[in-house]
Amino acid sequence: MTAKACPVVTQDGAVLMFRHPLAGTQFVKGTIEAGETPRLAALRELQEEAGVLAESCDATPVISEEIAPQQLWYFVATTTNRLPEFWTHNCGDDGGHCFEFFWQDPTMPLPSDCAQKFQRAFDVMLAKGLLS
């Protein structure tokens, strides 16, 4: 089973998401590398994918096997300095992509180009009280 870290960043009641130019709307997440804790992986992924340095993150992640087959997701509540309403970040993953970040109101449906695994991730965040 592959372990994934997903930093959950909220601001003014909304959760951070981004538009991937090839893969649709999603949350920051990535594989936890050998010797890395879910917390450290969440911080690394947030920096790599969003260009954001976190101030802190919760030491006790929410864990779910319900997101994707053969994946164990660790949701890590993460605190940052105040971030802009929208921004883009050139991520070096997969040869380089420009990601467009925005804040998703949790009372609204996710964008239609959001894959089912991210809808399931959103549902877990809501059910476990990670979104306020």
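This is a predicted model: local features need pLDDT of at least 70, side-chain atom pairs count only at pLDDT 80 or more; totals for chains, interfaces and linings use all residues.
Close-up 1. Phe118, Ala121, Phe122, Val124 and Met125 are the buried residues of H2. Because these residues cover an arc of only 160° around the axis, they lie on the same side of H2. On the face turned away from that buried side, H2 carries the exposed residues Gln116 and Ala127.

**Close-up 2. The length and the end of helix H2.** Helix H2 runs through residues 116-127, and at 1.5 Å a residue its 12 residues should span 16 Å, which agrees with the end C-alpha atoms, since these are 16 Å apart. The helix is followed by glycine 129, whose phi is positive, near 75°.

**Close-up 3. The strands against which H2 packs.** The buried residues of H2 pack against strand E1 (2-11), strand E2 (14-20) and strand E3 (24-26), and also against strand E6 (62-64), strand E7 (71-79) and strand E9 (97-104).

**Close-up 4. The largest nonpolar core.** This core has 19 residues, of which Val8, Val15, Phe27, Trp73, Phe75 and Met125 touch the most other members. At least two residues of the core come from each of E1, E2, E7 and H2, and the largest share, five residues, is supplied by H2.

Terms used: Residues are numbered from 1 along each chain as its sequence is written. Side-chain values use heavy atoms; hydrogens and water are left out. Helices (H or I, at least four residues) and strands (E, at least two) are DSSP runs, numbered from the N terminus. The expected span of a helix is 1.5 Å times one less than its number of residues. Buried means under 20% relative accessible area, exposed over 50%, partly exposed in between (1.4 Å probe, protein chains only). The arc is that of the directions from the helix axis to the C-beta atoms. Contact means heavy atoms within 4.5 Å. A nonpolar core is a set of buried Ala, Val, Leu, Ile, Met, Phe, Trp, Tyr and Cys residues joined through side-chain atoms within 4.5 Å.
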